[in-house]
Structures are given as structure tokens and as C-alpha cells.
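We'll start with a single residue and then step back to see how the parts meet.

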Amino acid sequence: MDYKKAGVDIEAGYKSVELMKEHIKKTMRPEVLTNIGGFSGAFSMGAFKNMEKPTLVSGTDGVGTKLKLAFILDKHDTIGIDCVAMCVNDIACAGGEPLFFLDYIACGKNEPEKIATIVSGVAEGCFQSGAALIGGETAEMPGFYPIEEYDLAGFAVGVVDEKDLITGKELKDGDVLIGIASSGVHSNGFSLVRKVFSMNREALDTYYDALGKTLGEALIAPTKIYVKALRSVKEAGVKIKACSHITGGGFYENIPRMLPEGIRAVVKKDSYEVPAIFKMLSQDGDIAEEMMYNTFNMGVGMVIAVDPANVDAALAALKSVGEDAFVIGHAENGETGVTLC
């Protein structure tokens, strides 16, 4: 008896690491001091020495049951983008700049080519956000995960000068809410999505004119990464007073998280066009409107609040980096929470 006969192929693990390296290379930053394959990743803090009060911000998350969709479609090259996005968007939401990322893949069987494909998506997400992929872990766990399945999670660290932290404390009556478009369902609400739509290849490969693609393509679309979008606003000289990453819990849970005591957010539902995938979900699943806004991003992946005088500059900055953005509401005095009207 040996480890391989017990279900763990050490040689496959070595091969996975070798196949990953070509993808990881493109994420490197000059601050990275170690090579892939070591026991830890080292990252120099020299680049932050000119900050008044350098402050670390972190985020960790997984992809959730969207992974089930990847298994059915046998498409594993973008799911890593989702993993990175869920972590770095939270860091950007606090005003931070992502520095480095670590991933964790647990699988029933280590198939090096598949693992490398998953990591290629992680690397692409890191590249989009400017974070270095400095390490990770692939755990082969036979008997715990089915052979064809895996789980994917990650952890990111970023930095911000304390004076530039986005806290929401300065948000006041009359400030304007700007929504930045999502790329689709992103990586939240898939336990409900999987109850609404048939999760088989025939249904997922069906083309819909309203979507302009197959259902599977619409659902697997990777989560948008907003790091460059928020950076563009800052570089335009616009102060982001508050920011909300619209993830699980939709509008009702996430927007109040950016509000100080005594301020209420008012969001106008007709201020933008809700994407077709959400209309299909609502209709096919007979899901009430309130539940839709309490579960999904409804086409808005990030909400920022700015002074009314800075709205045009913020919209122009976002447009300059290819983002669709629109005024969706305002802040007003009142009981902390959100009103959709």
C-alpha cells in the first residue's frame, strides 16, 4: 500500500505546479521576493514607505455553488476570475489596492491539466486587479470530494493610506449614488439559480435572443473586477464617500453596510435597464421583485457615493476605463437602510 493507491497522486501534484507556473508569471509584481513552489510567499513592503499610515486590508471568499455550473459545462478557465473578484472587490470597496492573492483548491482527484486551467483563471483575475499570485494550495482529498468535483477559495491582501480609507462616515443628505454595471449574476445566488433553471447541458446550451448567448454562457460569465474602475475615479480627483459591493443579499443587505447612522439610501429601480438574465430568473422562477433585489445584484455590481458636484467627473472616469455607470439614487436623512422606488 502507498499514498497513490490510497488515492493521492504526489506526482500529479508536482505536474500541476509546473503547469501553473506559466500562468502565474504574468501576475508578478516587483515586490514579490519568492518563487512559486516554496513554503510561503514573501512580499516587500518597501513600496508603501511613502504613505503616511499604510494600512493593510484583506478579503477572503469562495466561488460557492456556481462551481456546479462549471462542472456541468466542463468549463474551468474563468471560475478562478470569480474567486479573485469576490476578494479583491471587497478590498477595492474599502479604498485599498490589492497586492497579492493566494488560492486554495480542494479536489477529489488531481488532474494536472484541469488544475492548471482553474489556476489560469485565478491568474487572469489577479492580472486584471494588479495583484500578484504568490502562493496557494492544491489538496487532493479522495473520498471527501467526488472525483470530478473541486472547491475553490482565495485570500487577498491590499494596502491603503489610512486617510484614503472609504468608510462612509462622511456620507450626507444629498450625496449621489452611482451604480457600476455588473457582468451578470456574478457569483452569488446560484443556489436559487440552480432551482430555477434546469442544470443540464441541453438547457444550458439553449440560445436565447434576449440574452444574445446561451443560458450557460450568460450564467458562467465571470464576476467583474472593479479595482481599475474605482482607481480611475480616485485618479480623477473624485472622493468616493462610500462604497458597496453588491454580493449575496443584493441591494437590501449590502447598500446599508456603506451608510452611517441617520442616513438612508434611495434607489430608483427605473434608473437603468435590468439585464435580461434577471428578468428570466424572476419570470421562470416566479420570484417576487423584493426577493430578486434581496438576492441578486440586478445588474449593478458596485455602488459608490459622491458629492453632487463630482457626479459628471466620476461618470467620465468610469467611462474612460470601459465601465457602464449610471446615477441610481441619492442619500437622505432618515433611518439607516435602503428604499427602492
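## Starting at one residue

Asparagine 188 counts as buried because its relative accessibility is 17%, and the cut-off for buried is under 20%. Keep in mind that this is a predicted model. As for where we are in the chain, asparagine 188 sits in the loop between strand S5 (176-181) and helix H5 (190-196). Leaving aside residues up to four places away in sequence, asparagine 188 touches Met86, Thr247, Gly248 and Phe296.

| Item | Value |
|---|---|
| Area buried between domain 1 and domain 2 | about 2400 Å² |
| Share of that area from carbon and sulfur atoms | 64% |

Which residues of domain 1 lose the most area to domain 2? They are Lys66, Leu69 and Asn89, which together make up 23% of what that side buries. In terms of contacts, 27 residues of domain 1 meet 30 residues of domain 2.

The rule finds 11 residue pairs in polar contact across the interface of domain 1 and domain 2, with both residues at pLDDT 80 or more. Two salt bridges turn up across that interface as well.

So which elements supply the domain 1 side? Those giving two or more residues are helix H2 (66-73), helix H3 (79-93), strand S2 (97-107) and helix H4 (112-129). H3 gives the most, with 11 residues. Sorted by class, the side of domain 1 that touches domain 2 has 14 nonpolar, six polar and seven charged residues.

## A closer look at H2

How many of the eight residues of H2 are buried? Six of them are, so this helix is mostly covered. The buried ones are Lys66, Leu67, Leu69, Ala70, Phe71 and Leu73. Their cover includes H3, strand S4 (150-161), H5, helix H6 (201-204) and helix H7 (215-220). Just after H2 comes aspartate 74, which takes a positive phi of about 55°.

Key. Residues are numbered from 1 along each chain as its sequence is written. This is a predicted model: local features need pLDDT of at least 70, side-chain atom pairs count only at pLDDT 80 or more; totals for chains, interfaces and linings use all residues. Side-chain values use heavy atoms; hydrogens and water are left out. Contact means heavy atoms within 4.5 Å. Buried area is the accessible area (1.4 Å probe) that two parts lose on being put together, summed over both. A salt bridge is a side-chain nitrogen of Lys or Arg within 4 Å of a carboxyl oxygen of Asp or Glu. A polar contact is a pair of N or O atoms within 3.5 Å; within protein, one must be able to donate a hydrogen and the other to accept it, and residues adjacent in sequence count only if both atoms are side-chain atoms. Helices (H or I, at least four residues) and strands (E, at least two) are DSSP runs, numbered from the N terminus. Ala, Val, Leu, Ile, Met, Phe, Trp, Tyr, Cys and Pro count as nonpolar, Asp, Glu, Lys and Arg as charged, and the others, Gly among them, as polar. Buried means under 20% relative accessible area, exposed over 50%, partly exposed in between (1.4 Å probe, protein chains only).
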